Amino acid sequence: MTDKTMTPDEVVGRLRSGMTIGIGGWGSRRKPMALVRAVLRSEITDLTVISYGGPDVGLLAAAGRIRRLVAAFTTLDSIPLEPHFRAARERGAFTMTELDEAMFMWGLHAAANRLPFMPVRAGLGSDVMTVNPELRTITSPYDDGETFVAVPALRMDAAFVHLNRADRLGNGQYLGPDPYFDDLFCEAADTAYVSCERIVERFDPGTAPQSLLVGRHSVTGVVETPNGAHFTSCAPDHDRDEPFQRLYATTPWPEFAERFLSGKSEDDYQQAVRAWHEEQR
């Protein structure tokens, strides 16, 4: 048996500038934000980021850490367009490959299955092919002769996901309503790091098997980070912190970063958030 527990900074210590990083979750839901904040405390930059984007993308884009973004969208859910992402995109801070949601999913499937691409119908007849001229089509070798988009595999050097529970071996459990493709992110990456609300020594024998989303075979490290998805939701452990999300969305980046991201640890961030909430009472 292997204990894979790590700290956020130990995870980031294994990364290098120029890597391709996948980030699980969906929009402003169950994002591995503690790991993203650990990246911001490091000198790592020039990243290719693959994500169903939310504030993970916004933080990294605002901090100038992204060279290329591959995404189907970047949203805060209750705020339709992530404002710090938008500002960085409008000033041309990074290049972007914008895929249809289904194309993105099949790119993950291709990578997880170690295939170079997946043939899909999504994207045909749309401007996805125009804004991504590097995409290619392929013709079925069978009698139908149908044309498909050949969606390239979304391979990653490392993936970050956040789950409700995990054990020290790397098995991860989600308790909310949606898996958000986190298992595919882990399987599509050379290394994968699971942050969780709580580490358990073992899962109950009565645990629903389908809730055990991530298997230890695809996990490199496990990080216990209570409230580590903040300010995104991690149902049923906690909802999205809507007041803080509104603050994030409406505060100039230098001011937000100075108050909440200039500390030396995740504990410093969480303390700054608690202090802000106290001020609002």
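Author: Start with the accessibility terms: buried means under 20% relative accessible area, exposed means over 50%, and partly exposed lies in between, with a 1.4 Å probe and protein chains only. The model is predicted, so local features need pLDDT of at least 70, side-chain atom pairs count only at pLDDT 80 or more, and totals for chains, interfaces and linings use all residues. Residues are numbered from 1 along each chain as its sequence is written, and side-chain values use heavy atoms, with hydrogens and water left out.

Reader: Why does Asp77 count as partly exposed?

Author: Its relative accessibility is 24%, which falls between the 20% and 50% limits, so the term is partly exposed. Asp77 has a positive phi of about 65°, although it is not a glycine.

Reader: Where is Asp77 found?

Author: In the loop between β3 (66–74) and α4 (83–90). Helices (H or I, at least four residues) and strands (E, at least two) are DSSP runs, numbered from the N terminus.

Reader: What makes Tyr180 count as buried?

Author: Its value is 8%; that is under 20%, so Tyr180 is buried. Tyr180 also has a positive phi, about 55°, and is not a glycine. This residue sits in the loop between β9 (172–173) and α7 (182–187).

Reader: Which residues does a cis peptide bond join, with omega about 10°?

Author: His230 and Phe231. Phe231 belongs to the loop between β11 (221–224) and α8 (242–250). Another cis peptide bond, with omega about 0°, links Ala235 to Pro236, and Pro236 lies in the loop between β11 and α8.
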